[in-house]
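Open the model in your viewer and keep the sequence beside it. We will go from stop to stop, selecting a few residues each time.

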Amino acid sequence: MADEVRARAAALGFPLATASTPAGACPALIEVYPHPALLHLLHCDYRVPYKVAKTTRYWPDAMLPARVARLHEQHSKIRSALDAYVIDVPRQLPTPAHIGSLASLTAHEDALDALVCGWVGIRYVQGECRAYGDESAAI
């Protein structure tokens, strides 16, 4: 599927940006992996524990309410950091007391990933991204 998307984008005039493509070169198709971008955005060295499906790995000894609260805290940190770059995105993150289940936060996680990808796109167009990869592909 990725090859088809890349080929169709190239046919429309959006070549795949690689590590040898200067940031800001347009038009281009860029691939974004949200987690490394979050590390940069939040000034973290290792991991941002924000994935719903991984809460038992992040906090193995915490009970469900504590994991919900910690995940909510991480999602809030991400949103706050993105607010400096992405304006007028409505806040739809429920308070921990209104979160029925961890699974209910999956849509918020996906929305955060999309916002992070948009932020990286903005940074790319501004020439402020660093690519990781080689001459055939890059993240």
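Helices here are DSSP runs of at least four residues, numbered from the N terminus. With that in mind, select His43, which sits in the loop between helix 2 and helix 3 (55-58). Please remember along the way that this is a predicted model.

**Stop 1: His43**

Most residues other than glycine have a negative phi. Is His43 buried or exposed? Its relative accessibility is 71%, so His43 counts as exposed, because exposed means over 50%.

**Stop 2: helix 2**

Now step back to helix 2 (34-41), the helix that His43 follows. Colour the helix by accessibility if your viewer can do that. Helix 2 is mostly covered, with six of its eight residues buried. Select Pro34, His35, Ala37, Leu38, Leu39 and Leu41 to see the buried residues of helix 2.

**Stop 3**

Next, select Leu12 and Pro27. Leu12 belongs to the loop between helix 1 (2-11) and helix 2, and Pro27 is found in the loop between helix 1 and helix 2 too. The two are 15 residues apart in sequence, while their C-alpha atoms are 9.9 Å apart in space. Leu12 is exposed, with a relative accessible area of 69%.

Zoom in on the link from Cys26 to Pro27. Is that peptide bond cis or trans? The bond is cis, with omega near -5°. Most peptide bonds are trans.

**Stop 4: helix 5**

Select residues 106-125, which make up helix 5.

Now look for the buried residues of helix 5, among them His108, Leu112, Leu115, Trp119 and Arg123. The buried residues of helix 5 pack against helix 2 and helix 4 (64-82). An α-helix has 3.6 residues a turn, so residues three or four places apart point the same way.

**Stop 5: Asp113**

Stay in helix 5 and pick Asp113. It is buried, with a relative accessible area of 12%. Which residues does Asp113 touch, leaving aside its neighbours within four places in sequence? Show Pro34, Tyr50 and Lys51, because these are in contact with Asp113 by having heavy atoms within 4.5 Å.

**Stop 6: the aromatic pairs**

How many aromatic pairs does a search of the whole structure find? The search finds two. Start with Tyr58 and Trp59: their ring centres are 5.2 Å apart and their planes are at 70°, so the pair is edge-to-face. Tyr58 counts as buried at 14% relative accessibility, and Trp59 counts as buried at 13%.

Then select Tyr85 and Trp119, a tilted pair, with 5.4 Å from centre to centre and 55° between the planes. This pair links distant parts of the chain: Tyr85 is in the loop between helix 4 and helix 5, and Trp119 is in helix 5, 34 residues apart. Tyr85 is partly exposed, at 39% relative accessible area, whereas Trp119 is buried, at 3%.

Terms used:
Residues numbered from 1 in each chain as written. Predicted model: local features only at pLDDT ≥ 70, side-chain atom pairs only at ≥ 80, totals over all residues. Heavy atoms only, no water. Helix = DSSP H or I, 4+ residues; strand = E, 2+ residues; numbered from the N terminus. Buried < 20%, exposed > 50% of the residue type's maximum accessible area, 1.4 Å probe, protein only. Expected span 1.5 Å × (residues − 1). Phe/Tyr/Trp six-rings, centres within 6.5 Å; stacked < 30°, edge-to-face > 60°.
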